[in-house]
Structure formats: structure tokens, C-alpha cells
Amino acid sequence: MKKQLIAAGTALSLLALAACGSGDYAATEIPPKPAAPTSTAPPPAGPTCTNNLRDELRSYAPTGALPPPGQMLAGSKMAEIESRGRLRAGISADSLNLGSRNPISGAIEGFDIDMVREVARAIFGDPNKVELVVISSPQRIPVLQNKNSDIDIVARNMTINCARWQQIAFSAEYYRSGQKTLVQRDSPAKSLADLRGKTVCAPAGSTSLDNLNKYKDRGVKAITADTDTGCLVLFQQGKADGITGDDTVLAGEAAQDPYARIIQDERISDEPYGLGMAKDDVVFARFVNGVLAEMKASGRWKASYDKWLAPTLGAAPTPPVALYGRTP
């Protein structure tokens, strides 16, 4: 019990930090979206999902060289952002090494944060002209669908998949994660299926939860929280026997809890990350893909990986190869 209280205090502190401020601008907390009214109307028609990974990963090809900072195409999303004076990005503030608050400086930092700072650099010539808006996992898609939210881009370890392409637009892949499971250090479990009769947490609105639900028929009990740290708190309070999620996120959680370990020999799924944008922001998606291509080619992608992820996940892999060919 003593270790649970100590560890839970650490996670609760992170939750408190995530709720205030954001790097260069005051943090904005978006309240939970009210439930949509029930409708019997059929959903809008859209492309058929093939669930073929190569097809899912195809984004919009960049069109030539990026324009110089401060000279964005008139009428484009980039020009709108330029006129506003800052890029607004939906991010996490409690995913250690991806997007979390530095307890000393107060700045939100991490691998995902570096991605949106590069987009700001390309638009303004200044990576700090970004407003970091703290959102929960279930809010990632709604804030891009809501025209009144003013969120330009989401960088919150979001998996690219066919179903989500029906709702939003994605950049090309910027990182390939994989789903694993975190358990108590003394747990004998060697796989998620070994947690039969046990309770496992995954963030709401995530592909991790979708995959976890496939284990219900094996006796694994699924519970959710709105944030990654919410799952960590439940785990440290003894309300969850395990957490399943992206290896990037679990590495940060294991770093916060010396009594936890990640089951390394089982990779439940591949989780290709993309930056999310509104579905009709095709020109912006092409621009962002040009930014990511430059980041990978220049070595800035590797420098970011080495800073944030290498200490827990090992040497940098080759950056994901961008796949293009999607048409509006």
C-alpha cells in the first residue's frame, strides 16, 4: 500500500501539472464535448475502408518546395495561421517524452511537441509561435471536426487508420509505435492474455482500447480513463492490474513507477502515428508533409528521437518512409 501511495502521488502530480499553462502561451483546457443528439439519418458516404496498411498510410503528396516562412499561399490554411500569429495545436501534457510538462521550466515538451514546432518554424520562421492546447485522447478527432474549436493540428500519438480517415485528414507517418502491456514488476504475466480475470486500462477513444476489447472473450476486464496518466493512477491505486497502450507511452509510465515493467516480448499491434488535421485541409496536409520530409532529411527528426525516446526505446530507427498518392 505504501508504494502505491507514493507512486500514485507522482502520477497525480503530473495530472495537476497537465491542467495548467502550456509553453509559450497560456494552456487552454477544452471541456468534454457534449453527447451528440441521436439521429436516425445514415452517415455520409465516404471511401470504402480497405484496412490495407499501405493504403491507410497514403497521405497527400507535397507540391514542390515549401514557401519561405512569412510568405504563405494566399487563401490557404497556412496564411490563416500566419495572419493569426500562432499555430494552435492539440496535444497531451501528461505523456512523458511525447507531450508532458517539464516540472522545472513549466514548458510542455516532447517528441510530439517537436513535430508541431517544426510546422510553426516553417510558417513563421519561429518554432515558438505555437499555442499548445491540452486535450484528452477522446477529444482528438472532435476538436478537428468542430469548426469553432480553432485547433489547426493535433499531435497526440494518434494512430492512422482507415476509419479515422473518414473523419479527419492525416499527415504522412512520422513514427511507428506498437501496442504493449505494462504490469506490476512481480507479475508473472508474459502476455496480455495472461491477465485473464484481471482489470486492464486503456485510454478512451484509442486504438489501444479497441484492441483491448478483443481480449474480453479471454476473460480480460477492460476499463478506461480519458488520459494516459489517468490509467497510471488507476494502476497505482490497485484499481487496474495492467495498462495497455503504445510502447512510447508505456515507456514514460514505467519511468514514473519503479514497481512497473513492460512485457517486452509481445507486440500486440503496429501503431503508425500521424498529425491530424481537418478533413478538408488538403493543402495544409500537403504543406505539413513537406515539413516532415524536410525534418527527416535534415536530421532534426533523429535529433528529436535521440533526445526524447532513445533513452527508453533504444537507438533511433530509420524514419518512416512517407507514402503518398491519396486524392481528395
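Colleague: Buried means under 20% relative accessible area. With that cut-off, is Cys201 buried or exposed?
Modeller: In this predicted model, Cys201 has a relative accessible area of 0%, so Cys201 is buried.

Colleague: And which residue does a disulfide join to Cys201?
Modeller: The disulfide joins Cys201 to Cys231, with an S to S distance of 2.1 Å. The count for the structure comes to one disulfide.

Colleague: Where do Cys201 and Cys231 lie in the chain?
Modeller: In distant parts: Cys201 is in strand S11 (residues 199-203) and Cys231 is in helix H8 (residues 228-236), 30 residues apart. Cys231 comes out at 1% relative accessibility, so Cys231 is buried.

Colleague: Is the disulfide of Cys201 and Cys231 left-handed or right-handed?
Modeller: Left-handed, because the torsion about the S-S bond is about -70 degrees.

Colleague: Switching to rings. How many aromatic pairs does the structure hold?
Modeller: Nine aromatic pairs. Take Tyr60 and Trp165: their ring centres are 6.0 Å apart and the planes sit at 80 degrees, so that pair is edge-to-face.

Colleague: Where in the chain are Tyr60 and Trp165?
Modeller: They are 105 residues apart, and the pair links distant parts of the chain. Tyr60 is in the loop between strand S2 (58-59) and helix H3 (77-84), while Trp165 belongs to helix H6 (residues 162-165).

Colleague: Are the two buried or exposed?
Modeller: Tyr60 counts as buried, at 6% relative accessibility. Trp165 counts as buried too, at 4%.

Colleague: What about the rings of Trp165 and Phe170?
Modeller: Their centres are 5.6 Å apart with the planes at 70 degrees, so Trp165 and Phe170 also make an edge-to-face pair. Phe170 has 0% relative accessibility, so Phe170 is buried.

Colleague: Which residue lies over the face of Trp165?
Modeller: Arg326, at 3.6 Å from the ring centre.

Colleague: Which residues form the aromatic cluster?
Modeller: Phe111, Tyr174, Tyr175, Tyr273, Trp301 and Tyr305 form one cluster.

Colleague: New topic: Gln179. Where does Gln179 lie, and is that residue buried or exposed?
Modeller: Gln179 lies in strand S10 (residues 175-184). At 0% relative accessibility, Gln179 counts as buried.

Colleague: So what lies 3.3 Å from a polar atom of the Gln179 side chain?
Modeller: The backbone oxygen of Ser208.

Colleague: Which residues is Gln179 in contact with, leaving aside neighbours within four places in sequence?
Modeller: Quite a list. Among them are Thr207, Ser208, Asn211 and Leu212, then Thr244, Gly245 and Asp246, and also Glu266, Arg267 and Ile268.

Colleague: Last one, sheets. In what order do the three strands of the open sheet come?
Modeller: The order is S4-S5-S6, with antiparallel pairing. Strand S4 (94-95) and strand S6 (108-109) are the edge strands: each has a single partner strand, so one side of each has no neighbour in the sheet.

Colleague: How many bridges join S5 to S6?
Modeller: Two bridges join strand S5 (residues 99-101) to S6, and these strands run antiparallel.

Colleague: Which residue stands opposite Ile108?
Modeller: Arg101 stands opposite Ile108, which is in S6.

Conventions:
Residues are numbered from 1 along each chain as its sequence is written. Side-chain values use heavy atoms; hydrogens and water are left out. Rings of Phe, Tyr and Trp (its six-membered ring) pair if their centres lie within 6.5 Å; planes under 30 degrees apart count as stacked, over 60 as edge-to-face and the rest as tilted. Helices (H or I, at least four residues) and strands (E, at least two) are DSSP runs, numbered from the N terminus. Buried means under 20% relative accessible area, exposed over 50%, partly exposed in between (1.4 Å probe, protein chains only). A charge sits over a ring if NZ of Lys or CZ of Arg is within 6 Å of the ring centre and within 35 degrees of the ring normal. A polar contact is a pair of N or O atoms within 3.5 Å; within protein, one must be able to donate a hydrogen and the other to accept it, and residues adjacent in sequence count only if both atoms are side-chain atoms. Contact means heavy atoms within 4.5 Å. Two strands pair if DSSP finds at least two bridges between them. A disulfide is a pair of cysteine sulfur atoms within 2.5 Å.
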